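Hi,

Here is the structure I said I would pass on.

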Amino acid sequence: MQIFNKKSRQLALCVAIAFSTFGCSQLTAIKAPSPSPVMITASSIDTAQLRPLTLTDVMQFREIKGRSLSQNQQWLIYHAEPDYGDSTGYVRHLLSEQTFTIANADRGQLNQNGHFALFRQQAPLLAREQAKEDKAAREALAHDVLLLNTQTGVQTLFSQIDKFAFSGDGQFAFLLSRKKESKDKTQLLQVLDLATLSLTALGQVMDFVVAPEGDLLAFVSVVSTEPSTEPNETAASAKVKDASVNHNSTPAMNASKNVTEQQQVTLYAAASKNSQVFAAANAEQIQHLVFSEDGQQLVFLAGAKAEKNQETAQQLWYWSVQDATAKPLVINQAGWILSAGEAPRFSEDGQRIFLGLRPEPIVPAAPLAAPQSAAELFATERLLADRKLQVWHGQDDRINSQQKAEYQASLKRTAPAVFWLAEQRLVVLSTDIEDRLYRCEHSEAALISNGRPYFKQLTWQGRLHDIWHVNLKTGQRQQVFAANPSFERAHLSPSGRFVLYQQQGQLWLFDSSNGQRQQLAADVKVAWVDEMHDRPEPAPSYGIAGWLADESAVLVYDRFAIWQLGLDGNSRNLTPDSREQALQLRRVVTDDTALALDPQLPLLLRGFNEDNKTTGFYQLDLAANSLTTLVSGEKRYDFVEALSELTPVTNSADVTAAQQPKPYYLFTEQSFRQFPDLWLANSDFSQRKQLTEVNPQQAQFIWGDSHLIDWYTAEGTRLQGIVLTPDGYDATKRYPVLVYYYEQFSDRLYNFNQMKVNHRPNFPFYLGQDYVVFLPDIRFREGAPGPSATESLLPGIDRLIELGIADPKAIGLHGHSWSGYQTAFVVTETDRFAAAVAGAPVSNMTSAYSGIRWQTGLARQFQYETGQSRIGPSMFENLTPYIDNSPIFFADRINTPLVIQFGDKDGAVPWEQGIELYLAMRRLNKDVVMLHYEGEDHHLARFANKLDYSIKMLEFFNHYLKGEPAPAWWQQGQPYRPNN
């Protein structure tokens, strides 16, 4: 491990790099290879009819949100959402050009066959802004639902609707009206017959849920009960009054009549209009109504209403189509209660219900009454009851701030259990509420994660956990591994017998039938963990593609290839040429319900070339062991969804799985210039069709091209980076350059830039301002994150100058969070940058080391010892690297004008880190301004603040990189003023 001392940081770099003046890294100079030849030629785009983007233009670019398909996969629904403005809803038939456009619409839903669509349609943003300060005007704003008939194009509007859904069979829609008053407990629920467009009121309800299949609906309503005067009448059969009668009654009225409010569930069949009422005994509150996947079963929880932060025991009620009514299931476990913290969940086959249990709650002490005498007035117990104290104990499992951040979540932590319906039997899977059951559809076994033994060391070591194999029928548990990083999961075989996992760089197989472990592929000389991992922690595994159905083998990834590892010890590389081609191949999950891979069916793969950043889709034939390129090129391709319903499965017994009709695929295609619209392709991608075009206005603007360059550091490490040049780029001219970076940005060569106004510079916006943008990779050495940034950046800058792109006197540096830290450090080592912006930077590792990430409550120590900061030893084991990597201790060397940006509610980096750097530079009479955004977190959220910061960034860089006048806020600041 290289440790930098103060003396070494004051030396010149051992190998001189043109124009560079940064601290020496104690590295031995070696002759670096020559970078790859590259020629960035003049742009062929005629910009005469194009204009540069404004920030107003940026905020009106749209993204695809809320995408879904009809059940028959014939129709697509989505909405296009701008960064600021009104969304537009779309419905598109996949196999034709038929498209419907709905203004001011979002949250779209399709019925089963796509013949109807529902959208929320709210008032335009302008109207909402105009009504912002007027409550009456806000309440009067449109909050409607629009029904579209895709067969006729007819649109029908329903006013003031809060929630809506189609029935599972697609024949009905359910509309929940908005509350008339915010204090109202219930809302009017109506059913809409799509054939006749007739509405039927079902009454005032608390909530509703729709069965995935069929026409069933379940809803919760409030009823009033009166104590029975009949000796044999139970609470469950108390008189039920019509909910609508008592909807507007006041607590005082109810109290005067000795009436209590209860809740009940109604099951409603929309086609027949028949209903069943399930009146659960003592059901002050009913929660978590859940249908099975086929809509033939329903469960819900009923219990007494809990006080704030208190727990009450729940009763599980169950109904099926074979039952005349709902009945309570027996969930008894000594010392435990059924908890509402975990919603019940059916297995997909409907045979099991997964539940959550919690220890029986401790009854809180009653609050002390007002003092009745002088003795009670001065009683110590009464006075102490009003204290506000938190105790931070050195042996706490979780530090107090983490306990606080997780408090509400902790009230919902449950120990998993499963109820087998056929046997009417509860199987307790855990007696620890820290156990996390991994959801799966295995019928025999499941995996449980638990990090309790390692809670204390989370503070400095990061998250660790144990994995347990649990038998779902008996509850028997067996430990699979211990003390693995929490990012390492385990992979259950189709039958649930075997578990594959990685630990300490090796692959292991656990056999639950005998509790034995064996190493897999011990003779295969490849790394199963990240070869490029540079943090002082165990490297993460590359993962697996899946198990074969017969459990004879499992498909596992190395850096590039897919390997078939047999349980008999035989191994083979299924993609042997991928490493030589630098082609990383990964399976695309086309069916997320399948527990295993059919070796007779080809696998769809996505490929990424680490060297040239191209991507593509490939097909791997397991039987023939052959790889076919489907589509590949200088684009980024991403899988969205497989459409098997467009080509219905043949039920003939004579047709093999391999002979079944091939699916269609939804995917996206993008580049720096091309927005990732949705595309449809057949199974071999020979026929591709673009389905969406949500940003046609892009053709009006100056955009640019992305280019890949490489360079070498002084120690001979090859790095890559992206150069973005504007339309109309003149290869004979040198440009001002904005450098933005984090860790590895070159993999984004073919990414479309997210068009938002936020804490990052918008790249096409800057290209339109006649900048070149540079996105370099950074490689880190343990113990030296700051110098590593300098060593990576400056040779890259030299390469830009060498290529004739950059004006050496007009280069700006911008980073946020981790790269905000790097920016603050780099300017202590070099004067190469004309100006720099550091967003939310750590400036003093010695104070940040024992700081708190207030959003999560976690201590920051692990970030330095094992995480992103990559120091390694604790500050108490070796203080030197904490000092040597802290900009604050070398602020006297900063000659670069610096803007620091922080929100004072930053939950990731304490904003005092910005104050420390600001005060140091102020004391040293350096050029510095800190932009302090009140009430903001790590990333700016308030749109006005995002816009303000974006404007100030451009003004700042324009002044120092293009010679424009200095903005007033930089020249003379701004006096404090309260912001209400």
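**Strand S27 and its partners**

Arg436 sits opposite Ser449 of strand S27. That pair belongs to the two bridges by which strand S26 (residues 436-437) and S27 are joined, running antiparallel. Here two strands count as paired if DSSP finds at least two bridges between them. Helices (H or I, at least four residues) and strands (E, at least two) are DSSP runs, numbered from the N terminus.

Before going on, a word on the model: it is predicted, so local features need pLDDT of at least 70 and side-chain atom pairs count only at pLDDT 80 or more, while totals for chains, interfaces and linings use all residues. Residues are numbered from 1 along each chain as its sequence is written, and side-chain values use heavy atoms, with hydrogens and water left out.

S27 also pairs with strand S28 (residues 464-471), antiparallel again, over six bridges. Ile448 is opposite Trp468 of S28 there. Six of the six residues of S27 (445-450) are buried, so the strand is largely enclosed by the rest of the structure. Buried means under 20% relative accessible area and exposed over 50%, with partly exposed in between (1.4 Å probe, protein chains only). Ala445, Leu447 and Ser449 point one way, Ala446, Ile448 and Asn450 the other, and all are buried. In a regular strand, side chains alternate between the two faces of the sheet.

**Helix H18**

H18 (residues 912-923) has twelve residues and spans 16 Å from first C-alpha to last, close to the expected 16 Å at 1.5 Å a residue (that is, 1.5 Å times one less than the number of residues). Gln913, Gly914, Leu917, Ala920 and Met921 are its buried residues. Down the helix axis these fall within an arc of 130 degrees, so they line one face of H18; the arc is taken from the directions from the axis to the C-beta atoms. Arg922 and Arg923 are exposed, on the face turned away from the buried side. Just after H18, Asn925 has a positive phi of about 60 degrees.

**A pocket**

Which residues lie nearest the centre of the second largest pocket? They are Met930, Leu931, His932, Tyr933 and Gln974, out of 27 lining residues. A pocket is an open set of points on a 1 Å grid over the protein atoms alone, with protein on both sides within 12 Å along at least five of seven lines; lining residues have an atom within 4 Å of a point. Strand S55 gives the largest share of that lining, six residues.

Cheers

Key:
On a 1 Å grid over the protein atoms alone, a cavity is a set of points where a 1.4 Å probe fits but cannot get out, and a pocket is an open set with protein on both sides within 12 Å along at least five of seven lines; lining residues have an atom within 4 Å of a point.
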